Amino acid sequence: MVQEQTPVLIVGGSLVGLTSALLLGDLGVPSLVVERHPGTAIHARAGHFQLGTTEMLRQVGLERTVREASAKTYHPIGGIIAVESLAGKQLATFVKELNEGVEGFSPTVRVFIDQDVLEPILRERAVALGATVRNRVEATALEQDDDGATVTLHDLESDEEHTVRARYVIAADGNRSPMRTRLGIGMEGHGILSNSITIYFRADCTPLLEDRHESVIYVHNPELRGFFRLDRAGKAGFLVINSVGADVTTDEAVNVGDGITEERAAAMLQTAIGTPDIAAEVLQIVHWRAEANCATRMRDGRVFLAGDAAHVVPPNGGYGGNMGILDARNLAWKLAAVIRGQAGTGLLDTYEAERRPLSELTVEQAYTRYATRVVPERGTDDAEPFIDDLTMEIGLVMNSNAVIGGANDGARYMPAAETRGRPGTRAPHVALGPDRSTLDLFGRSFVLLRAAGDDWAPPGVEAHVIDSDGFLEAYGITRDGATLIRPDGIVGWRSTGAFAHDELTAALNSILALDVTPPVA
């Protein structure tokens, strides 16, 4: 007997599950989130949040809150370097400054904030917008039919079970996703790269930092390879260790976690610090696997994989959490449109069509950064050429039936400065005034932008006439043209010149899978 109903059941109440619930709630769709752990994240974990994430936070009114929380822990200009040890010499600079080169591309900037600080902020807003979040509850069984999914939930506190009926399910239950396993979906890619550990510690490292404010400090020496993340005060943080020993080409070198003791971890931490003069206290040792893999598919019927359930990457580049948030941004508006009867179910087919090729690309770029920055001696021949960070953040290209008039050239990315409003790319930022951007117009509905003409738009579409400098060039249109932006900030259609009303209406219907025949370009 079904005991509960919800439009969307989200399995996994961590970063991606909470973001999904928040975005659905922002669109007026309630959800039920279940999480087997007793609360939000207790470890720092993901910390480097890119423009796609900060723009989402701005969209839902959380940017200032998150920046204020970040400033308590991290310096806003931190870069990424490599050293022999904190006390040793600097070996390389990978990123000079966290937001170098970002100015002019976005109304916001990247941010460093620990996942255990960010998740409670997301949860509070998700609940305020109508989500229900239950902890110590896990999904133990799933059945699907033509009308929805029935999921059995097990309350780990009471040891009781009950069933919930959902129209759709988001599986955001982590890299070892029981939901993915239950659906028989496999993973493919580079496999397990290392059995790594993270050492959480306290130590006053300020004498070794001087004027350095790096967000990530890689450590390369004959004893270990990994990286530090230290708080702003330089008195606490964590050390990730991916390999040990001078010969990193052996399998033993990357099997760090096996047989590790607190004494051994403390010794490695002291080696990474580089001097016995700094006393360090090990707080906890966490075991995890560095992987670079992507699910063979991201959907099974009414169940959608998101976050680590769909793709797992090493932490190099900071892509893990950001990929999951992009999944949520792509999926939430599509589910909302179908649930509210504004779109056909064919719209949901575009989630995997758009996200999986870009997930594969990002997994490869994370692997490239791992292979070249951490253990290049193990070989880099299978690493794809490096794509710059800004391109990977705001230069990605989507191709699906929810993009009308794309170039169909197979491109998955292009330099951010060259997207120029191409259908399938992120709509460009154009300043509309002090701390006001075209990006601030997006998020809750389709938006039509044009430089001149009347304010006509199809039902459900907001129309804006933009007279700001640089708008036409940024969006690749003439004064008679127009562009249609989806709720996730992606260009869904544009006409570079004059267009007929029925052309725009046909494009919108096609995106929403209300008309399977695309309009003539």
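Trainee: What makes β8 and β9 a hairpin?

Mentor: In this predicted model, 4 residues join β8 to β9. The two strands, residues 137-144 and 149-155, pair in the antiparallel sense.

Trainee: How do you know that β8 and β9 pair?

Mentor: Two strands pair if there are at least two bridges between them. β8 and β9 have 7 bridges, so they count as paired. Within the pair, Ala-139 stands opposite Leu-153 in β9.

Trainee: Why is Asp-159 called exposed?

Mentor: The cut-off for exposed is over 50% relative accessible area. Asp-159 has 58% relative accessibility, so it counts as exposed. Asp-159 sits in the loop between β9 and β10, the latter spanning 160-171.

Trainee: Why is α1 described as mostly covered?

Mentor: A residue is buried when its relative accessible area is under 20%. In α1, 12 of 12 residues are buried, among them Leu-15, Thr-19, Ser-20 and Asp-26.

Trainee: How do you know what span to expect for α1?

Mentor: The expected span is 1.5 Å times one less than the number of residues. For α1, residues 15-26, there are 12 residues and the expected value is 16 Å. The helix reaches 16 Å from its first C-alpha to its last, close to that expectation. After α1 comes Gly-28, with a positive phi near 85 degrees.

Trainee: What makes β22 and β24 the edge strands of their sheet?

Mentor: The open sheet has 4 strands in the order β22-β21-β23-β24, with mixed pairing. β22 (461-465) and β24 (491-495) each pair on one side only, as edge strands. From one strand to the next, the twist averages 20 degrees.

Trainee: How do you know that β23 and β24 pair?

Mentor: The requirement is at least two bridges. β23, residues 482-485, and β24 have 4 bridges in the antiparallel sense, so the pair qualifies. Here Ala-482 stands opposite Ser-495 in β24.

Trainee: Which helix lies across this sheet's strands?

Mentor: Helix α12, residues 501-511, lies across β21 (446-450), β22, β23 and β24. The helix runs at about 160 degrees to β24.

Methods
Residues are numbered from 1 along each chain as its sequence is written. This is a predicted model: local features need pLDDT of at least 70, side-chain atom pairs count only at pLDDT 80 or more; totals for chains, interfaces and linings use all residues. Side-chain values use heavy atoms; hydrogens and water are left out. Buried means under 20% relative accessible area, exposed over 50%, partly exposed in between (1.4 Å probe, protein chains only). Axes are lines fitted to C-alpha atoms, for helices over the stretch in contact, and angles run from 0 to 180 degrees between N-to-C directions. Contact means heavy atoms within 4.5 Å.
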